[in-house]
Amino acid sequence: MFTGIVEELGEVTAVETLDDACRFRLRGPVVTEGAKHGDSIAVNGVCLTVVDHEGDEFTADVMAETLNRSSLGALTAGSRVNLERPMAVGERLGGHIVQGHVDGTGEILERKPSQNWEIVKISLPADLTRYVVEKGSITVDGISLTVVDAGPDHFTVSLIPTTLDLTTLGHKQPGDPVNLEVDVIAKYVERMLGDRAQGATR
């Protein structure tokens, strides 16, 4: 489990294309400290497993399903990525509960800079609209953010200078894809209410 608080802005150093997958080599001095085979690291919000690690770099295999359902397939050598290790038991939950399971992808539609923050408008797949509410939580490229406005096919977030400086959202432009993970609590509530409604009609 993750919190959506990005630990560092890493970099893809190599991409190896396999038959039905890709192997990424990524640089991240913070997240590789003490890393070992089998550990989990979130890359742009996608939970990946460390295959190997040497120095400040690690490799991770990404299967076709993940490439098709996330924006990782667009990564190339030199791409910057958000990196986060799983939350340790007993630590503060600074963001919100993030699983590292991408629900869909959106696209940066618009950026409106201000003196102290920036409003970013992001497209929202139709099947995720019901989970996104004003002032609710959403994960964008692994970043825990608060929804400012929730529209029928988009939402907006307000980014402070720290987020702009230390994550990929400081660099992405209109047209760029982003990974989206909605609040898992909303999905559980929907399922439980659905089961209750079905039970009442039996």
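Helices (H or I, at least four residues) and strands (E, at least two) are DSSP runs, numbered from the N terminus, and two strands pair if DSSP finds at least two bridges between them. The model described here is predicted: local features need pLDDT of at least 70, side-chain atom pairs count only at pLDDT 80 or more, and totals for chains, interfaces and linings use all residues. Residues are numbered from 1 along each chain as its sequence is written, and side-chain values use heavy atoms, with hydrogens and water left out.

A hairpin of three residues connects β1 to β2. Six bridges hold β1 (residues 8-17) and β2 (residues 21-27) in an antiparallel pair, with T17 bridged to C22 of β2. Strand β2 also runs antiparallel to β5 (residues 57-63), through seven bridges; here R23 has D61 of β5 as its bridge partner.

An unreviewed UniProt entry records the feature "domain: Lumazine-binding" at residues 1-96 and 97-193; such annotations may be inferred rather than shown by experiment, and their positions are given in the numbering used here, with feature names shortened. Residues 1-96 are 6% helix and 44% strand, with end C-alpha atoms 10 Å apart. For residues 97-193 the figures are 16% helix and 41% strand, and the end C-alpha atoms lie 21 Å apart.
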